[in-house]
Amino acid sequence: MSEAVPTTASVVVMGGGVIGLSTAYHLAKAGVRDVVVVETNQLGSGSTCKAAGGVRAMFSDEINVIMGKHSLDVFERFGELFDQEIDLHQVGYLFLLDNDEDVADFERTVQLQQSLGIEAHMIDPTEAKRRSPLIDITGIKAAAFSPRDGHCTPESVVLGYARAARKAGVRIITGCEVTGAEVSGGRIRVVETSRGRIEADTVVCATGAWSGKVAGLFGVDLPVTPMRRQILVTEPMTGLPSDTPFTIDFATSLYFHNEGPGLLLGMSDKNETEGFKLNRGEEWLPGLFDAIERRAPSLAEVGMASGWAGLYEMTPDHNGLVGQADDLPGFYYCTGFSGHGFLLGPALGEVMRDLIRGDQPMVDISCFDVARFAHATRPEKNIV
């Protein structure tokens, strides 16, 4: 049973996914006392444990590349740092490109990644086929590959951060929904929950797809909308190379990687509408199987054993929101990463620690402030 809700806290972290837990851990590790995490359901039950588990630094935005690289450093040492194995498979990320515009974009972003110390490079279709034998390279003009990237188990990452956070003194309260807030004199006074009131003047909104709703309780506008994404896992397949990369057909967003004796695969549905839809549906399957027939036709004969639905937390430019509310000091937010929040979680926890403590974060996160939507944005193109 979850522990009792404290009546006071120095910081209330709202959201028990990887970003919230990483933030709480790093705050406590830095000496911040009385940090409390509140989670509506179970830890990781929002978007984190519904993720495909990809970890990478192959992004088009420089800040995302830097944070992705730093997070990879942490994932590689996770067992050592947190005494928790995460089943990390560094088999690489492989983006398949079938039009000249995408090839040119990736050539530019690969150069950016290389300048930041990422071992990414462009390869020809034949090399892509050698690395990912299931694909049909008809129409493929080039591919981008980074060998250090890969995938791991999100549930294990959550477990590692949660245990380390508790050990550092964080109180983690599950089954505890944020239901309201008391704000007076331009400051946060109380966080109201389904299990009691917590007096606190500092909060972190790390509630993923629910961030727009939660922020609204404090009078803060965060442009985050929930969008369903679905994943399938195939029946066991014989002859799968163990080093099959996380393969993405960029034009369709079809992706797959090894998952136990089978494959995990998914694809965004261009006809999906926003909303808190957590049920599995069949509307996306015709488009999925069309993409499979075109890019990995042998998978059309493989049975599907299981699957699930989860939520992306989408922003207008597909890039994250990180900062402090201009008109409500003490309200911090870290959300809206549009599908890449899990893999940036280790770095984001450190960024939020520094932001809250008034230290200089590892990257200039001013470009992630929600105020950017009143001016120019900096879209992240390399999302799936």
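At what angle do the axes of helix 2 (residues 62-76) and helix 9 (residues 341-357) cross? Keep that in mind while we set up the tour.

You are looking at a predicted model, where local features need pLDDT of at least 70, side-chain atom pairs count only at pLDDT 80 or more, and totals for chains, interfaces and linings use all residues. Residues are numbered from 1 along each chain as its sequence is written, and side-chain values use heavy atoms, with hydrogens and water left out.

**Stop 1: two crossing helices**

Select residues 62-76 and 341-357, which are helix 2 and helix 9. Helices here are DSSP runs of H or I with at least four residues, strands are runs of E with at least two, and both are numbered from the N terminus. Two packed helices are described by the angle between their axes and the distance between the axes. Here is the answer to the opening question: the axes cross at roughly 95° and come within 8 Å. That makes helix 2 roughly perpendicular to helix 9. Axes are lines fitted to C-alpha atoms, for helices over the stretch in contact, and the angles run from 0 to 180 degrees between N-to-C directions. Angles of 65 to 115 degrees count as roughly perpendicular, under 35 as roughly parallel, over 145 as roughly antiparallel, and the rest as oblique.

Now show the side chains. From helix 2, N64, M67, G68, H70, S71, V74 and F75 take part, and they meet residues of helix 9 including F342, L343, L344 and E350. Contact means heavy atoms within 4.5 Å. The residues of this contact divide into 10 nonpolar, 5 polar and 1 charged. In this grouping Ala, Val, Leu, Ile, Met, Phe, Trp, Tyr, Cys and Pro are nonpolar, Asp, Glu, Lys and Arg are charged, and the others, Gly among them, are polar.

**Stop 2: along strand 15**

Next, select residues 254-259, which form strand 15, and find H257 there. Is H257 buried or exposed? At 0% relative accessibility, H257 counts as buried. Buried means under 20% relative accessible area, exposed over 50%, and partly exposed in between, using a 1.4 Å probe and protein chains only.

Look at what surrounds H257: leaving out residues up to four places away in sequence, it touches A52, H151, P245, F246, G262, L263 and L264. The side chain of H257 also reaches the backbone oxygen of A52 at 2.8 Å.

Stay in strand 15 and click on E259. With 33% relative accessibility, E259 is partly exposed. Its contacts are V233 and L264, not counting residues up to four places away in sequence.

**Stop 3: two positive phi angles**

Go to S253, in the loop between strand 14 (246-249) and strand 15. S253 has a positive phi near 75°, although it is a residue other than glycine. S253 is buried, at 9% relative accessible area.

Then jump to D83, in the loop between helix 3 (78-82) and strand 4 (93-97). D83 is not a glycine either, and has a positive phi of about 55°. D83 is exposed, with a relative accessible area of 65%.

**Stop 4: the cysteines**

How many disulfides are there? The count comes to 0. A disulfide is a covalent bond between the sulfur atoms of two cysteines; here it is counted as a pair of cysteine sulfur atoms within 2.5 Å. C152 is buried, with a relative accessible area of 6%. Now select C334, whose sulfur is 9.6 Å from the closest cysteine sulfur, in C205, and so too far for a bond. C334 is buried as well, at 1%.

**Stop 5**

Find E127 in helix 5 (residues 125-131). At 21% relative accessibility, E127 is partly exposed. Its side chain is joined to that of R131 by a polar contact of 3.0 Å. A polar contact is a pair of N or O atoms within 3.5 Å; within protein, one must be able to donate a hydrogen and the other to accept it, and residues adjacent in sequence count only if both atoms are side-chain atoms.

Finish at K213 in helix 7 (residues 211-217), which is exposed at 54% relative accessibility.
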